[in-house]
Structures are given as structure tokens and as C-alpha cells.
Amino acid sequence: MKIKLIKKVKEPNRGTSASAGLDFYVPDDFKATKVWPGKAVLIPSGVKAQVPEGYALVAFNKSGVATKEGLIVGACVVDEDYEGENHIHMINVGDKVVDIVPGQKLVQFILLPVN
């Protein structure tokens, strides 16, 4: 899968060689945002991904972000024919206000076959 950075952002990467997904980060130009309990935020990732035919790029929770911060993934599927910037949709299901800041690791994307 080809990835193109369209903003100043850390390139998606695997945390370890055995990691299933690519970690995505908040772009450097993102204005720090508070997410209140029960609210959601849509964050432009600064990344365009060329998803191969027969696949989808699917966002999954990072366990630490979900369990410690109460932030979970909302909309999560990037289809093979989508050509725009990928976005990160996070929902605060916890009971405290959570700050999202530039450079923060939020989700992991996994390329999955769909046919």
C-alpha cells in the first residue's frame, strides 16, 4: 500500500516488527482539542493511502488510548476507491475530558481483504 503525507505529520508506522497495524498520529498543525464525554471529533490525518484493489483500510482502537483515555474509533473503513485524506474519528466514551494534541498516536489501521 502506498502512503502519501500531505501535511507535516509523523509517517504511519508499526510499533514493533510484530505489530498488526500501522499507528497513525495527529498532524503537527492540528489545534489541540478537548473532547468532552459523549462527544466526538474528526481529525484530518495528513495522510492519503492508496488502498489496493480487493482491500479496505480499517481503523482499530489502540488499547492504551481506549482503556486509559476512553477514546474509541468511530467511522473506521477506508474503501479502495477513496482518494482523499484519511480522517481519524474518535468518540469519548469515558467520564473525563480528554485532550487531543499534535503528534499524539491515536489509532492503528490494518489493511484487510474484502473479497
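Biologist: Does asparagine 86 count as buried or exposed?

Modeller: This is a predicted model, so we read computed values. Buried means under 20% relative accessible area. Asparagine 86 has 1% relative accessibility, so it counts as buried.

Biologist: Where does asparagine 86 lie?

Modeller: Asparagine 86 sits in the loop between strand 8 (77-78) and strand 9.

Biologist: What does asparagine 86 touch?

Modeller: Set aside residues up to four places away in sequence. Then asparagine 86 touches Ile43, Pro44, Ser45, Gly46, Val47, Lys48, Ala49 and Val78. Its side chain also reaches the backbone nitrogen of alanine 49, at 3.4 Å.

Biologist: How many bridges join strand 7 to strand 9?

Modeller: Three bridges join them, and the two strands run antiparallel. Valine 73 stands opposite methionine 90 in strand 9.

Biologist: Which residues have the most contacts inside the largest nonpolar core?

Modeller: First, the general idea. In soluble globular proteins, nonpolar side chains tend to be buried together. Here the largest nonpolar core has 25 residues, and those with the most contacts inside it are Ile43, Leu71, Met90, Ile100, Leu106 and Val107. Strands that each supply at least two residues of this core include strand 4, strand 7 and strand 9.

Biologist: What is methionine 90 in contact with?

Modeller: Beyond its neighbours within four places in sequence, methionine 90 has contacts that include Leu71, Val73, Leu106 and Val107.

Key
Residues are numbered from 1 along each chain as its sequence is written. This is a predicted model: local features need pLDDT of at least 70, side-chain atom pairs count only at pLDDT 80 or more; totals for chains, interfaces and linings use all residues. Side-chain values use heavy atoms; hydrogens and water are left out. Two strands pair if DSSP finds at least two bridges between them. Helices (H or I, at least four residues) and strands (E, at least two) are DSSP runs, numbered from the N terminus. Buried means under 20% relative accessible area, exposed over 50%, partly exposed in between (1.4 Å probe, protein chains only). A polar contact is a pair of N or O atoms within 3.5 Å; within protein, one must be able to donate a hydrogen and the other to accept it, and residues adjacent in sequence count only if both atoms are side-chain atoms. Contact means heavy atoms within 4.5 Å. A nonpolar core is a set of buried Ala, Val, Leu, Ile, Met, Phe, Trp, Tyr and Cys residues joined through side-chain atoms within 4.5 Å.
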